[in-house]
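Please find below a colleague's note on a structure, written for a reader who is new to such models. The points are numbered so that each can be checked against the display.

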Amino acid sequence: MSMNRRRFLQACGASAAVSITPTGVKAASAPHVVVIGGGFAGATAAKYLRMWSDRTIDVTLVDPNANHTSCVLSNLVLNRRITLKELKMNYGGLSSFYGVNVVRDRANKIDGAGKRVRLKEGGWLNYDHLVIATGINMINPPSIDYKLTPHAWIAGGQTNRLASQLNKVGPDSTVIMTIPKSPYRCPPGPYERACLIADIIKRKGLEGSARVQVLDANSSIQAEKHTFENAFNNLYGNIVEYITDVEVEDVISTEGRVITRTADYVGDVVNIIPQQRAMGFIRNAGLTGDGLWASVDPLTYASTVSGFDGVHIIGDSQATGQPKSAHMANAQAKVCVDAIIRSLAGVANDDPERVANITTASACYSPITYDQASWLSAVFAYNTDSGQMALTHLGEAERWSTGNYKQMFGWASNLFTDSFH
Amino acid sequence: MKINIFRTLCLGTLVASVAPQAQAEDLTVNRLLASQCAQCHGTNGHSVGDIDGLTDESYKDLYEDLMDMRSEDRPENIMDHQALGYTDDQVRRIALYFGTLSGKADEAPEFEDRRSR
């Protein structure tokens, strides 16, 4: 390590024409990084790999879809503040400006020893490093039919379906929402959604008649506790009924019936946010062990499973315990990219100076009403004792406001652009 | 085969002569730290929305602003809370990165590590 470090620093102080031969690269061409999944994590990784390597690394981004629909802001489709179309991110900038090779295909197998990944249409693709950013997979209640009782937790058709169901809520309607046990995608998201549904009911003049039952598998509110407690108890005290420790066992969608260990709940609109895990692609490769999420080293996001040299997992699929959110996925992608570039340049990733400065930042705005929002701020840093990312500071807005609502769009614009353009 | 990856890794070397401590430190570490600002302030500080960009900020102004945010008696704004997540030295490194990008890294004040007080 010290040799590499010294060589690296010498190179920095010397002529810019000196080249470094990357380690572990056999082909007489530029190193190749394959990114699987074009959400916030994967897109950020592809962009920053090209940008920070001064385009000396070839990057292939594989995603089955022509564009990505952002989950960020997608609760605003439910109360018709925005349309789903506005949340579509295309990969045009990544390919034309950054020179990322965008391939519309689906990865289905990893050969860890051979350092190659198999695509459904395109066959085997060799890599020096593989970045997996495939997001979440739902653990479905056995009898559920999402056409009738959508989760709308991956933005898309189900989001529009839930929006039109909510539009039809009338006097005495009951809307049921279920929240899975942590960890799940977007910790404040379900509580934010409960607030917006309550706001829809309020704005229809149905306060005191229609209601929202929130069934939480957890024992308490999982994010922005002060804000959501205040909203549930005061602002929406006549609309929201928040019930803890309720685990969904099954859903009879045709009856709007939610079967739990303690009781059955029946609603006119039923929004089930199910338990989540990493995608089958990751689990089938053995990257999660017996668990739900992929264990990684937060200094590099490299898998801790042996036999997968150069395989990294970022975003919602990995198991570091940082919140599963687009903002954090973007944050982790940058740490991963930095590690890959250093590794290809033969520079150590466990250098003390780097280790002391591994941080990931999260900021998140949550709409609480039609035109007011709250926010959450969290910064994590690498803890050398535990070898894990640890929270260094957590902050929450004192109150929701129209100013925060406006700022939410400024935040989203830069988050979208930093990740996709 | 050879690649020139390190040339980008050494981004910021040009200002090493004017910026404090830069010669002794790994500037890619500063770049990685500063990249955590981009989700809200835009890639390399180029904001496309209503939130302030960081492309015209001098090292001095950014460093002092962030240190002020860290010492608020009653942190209130989202940036007060973000700044509180970093150490004094990390704040210095972030300010140095954006000051370097804006060509205003030479207005650097003396670094004072407040943790040692």
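The points below go from confidence to overall form, and then to individual residues.

1. The structure is a predicted model. For the complex, the predictor reports an ipTM of 0.92 and a pTM of 0.91. Chain A has a mean pLDDT of 93, and 93% of its residues reach 70 or more. For chain B the mean pLDDT is 81, with 71% of residues reaching 70 or more.

2. Where caution is needed. Among the elements of chain B, the lowest mean pLDDT (46) belongs to helix α1 (residues 5–9) of chain B, and the highest (98) to helix α3 (residues 38–41) of chain B. Residues 6–19 of chain B have a pLDDT below 50, and this stretch has 33 contacts in the model beyond near neighbours in sequence. Where pLDDT is low, the predicted coordinates should not be read in detail.

3. Overall form of chain A. The secondary structure of chain A consists of eleven helices and 24 strands. The C-alpha trace of chain A spans about 75 × 45 × 40 Å along its principal axes. Does the radius of gyration of chain A agree or disagree with that of a compact globule? A compact globule of 421 residues would have a radius of gyration near 22 Å, and chain A has 23 Å, so the two agree.

4. Burial and contacts in chain A. Of the 421 residues in chain A, 54% are buried. Among contacts in chain A with a separation of 6 or more, 70% are between residues 24 or more positions apart.

5. Domains. Chain A is divided into domain 1 (2–135 + 279–350) and domain 2 (141–275). The C-alpha centres of domain 1 and domain 2 of chain A are 34 Å apart. Contact between them involves 15 residues of domain 1 and 19 residues of domain 2 of chain A. On the domain 1 side, helix α3 (residues 75–78) of chain A gives the most, with three residues. By class, that side of domain 1 of chain A has six nonpolar, six polar and three charged residues.

6. In soluble globular proteins, nonpolar side chains tend to be buried together. Here the largest nonpolar core has 157 residues, and those that touch the most other members are A:Val35, A:Ala45, A:Leu49, A:Leu61, A:Val212, A:Ile314 and A:Cys336. Helix α9 (residues 326–344) of chain A supplies the largest share of this core, with twelve residues. Domain 1 and domain 2 of chain A each provide at least three residues to this core.

7. A cis peptide bond. A:Ser182 and A:Pro183 are joined by a cis peptide bond, with omega about 0°. A:Pro183 is located in the loop between β11 (174–179) and α6 (189–203) of chain A.

8. Positive phi values. Two residues may be examined together here. A:Arg55, a residue other than glycine, has a positive phi near 65°, and A:Leu73, also not glycine, has a positive phi near 75°. A:Arg55 is found in the loop between α2 (40–52) and β2 (58–63) of chain A, whereas A:Leu73 lies in the loop between β3 (67–69) and α3 of chain A. Are these residues buried or exposed? A:Arg55 has 16 other C-beta atoms within 10 Å and therefore counts as partly exposed. A:Leu73 has 21 C-beta neighbours inside 10 Å; because the cut-off for a buried residue is 20 or more, A:Leu73 counts as buried.

9. A:Val72. The loop between β3 and α3 of chain A also holds A:Val72. With 23 other C-beta atoms within 10 Å, A:Val72 is buried. Leaving aside neighbours within four places in sequence, A:Val72 is in contact with A:Ala326, A:Ala412 and A:Leu415. The C-alpha atoms of A:Val72 and A:Thr83 are separated by 12 Å, and these two residues are eleven residues apart along the chain.

Note on methods: Residues numbered from 1 in each chain as written. Chains lettered and ligands numbered in written order. Predicted model: local features only at pLDDT ≥ 70, side-chain atom pairs only at ≥ 80, totals over all residues. Helix = DSSP H or I, 4+ residues; strand = E, 2+ residues; numbered from the N terminus. Rg over C-alpha atoms; globule rule 2.2 N^0.38 Å. Buried ≥ 20, exposed ≤ 12 C-beta atoms within 10 Å, placed from the backbone. Contact = placed C-beta atoms within 7 Å. Domains from an automatic or database assignment. Nonpolar A, V, L, I, M, F, W, Y, C, P; charged D, E, K, R; others polar. pLDDT = per-residue confidence, 0-100. Core = buried A, V, L, I, M, F, W, Y, C linked by C-beta atoms within 7 Å.
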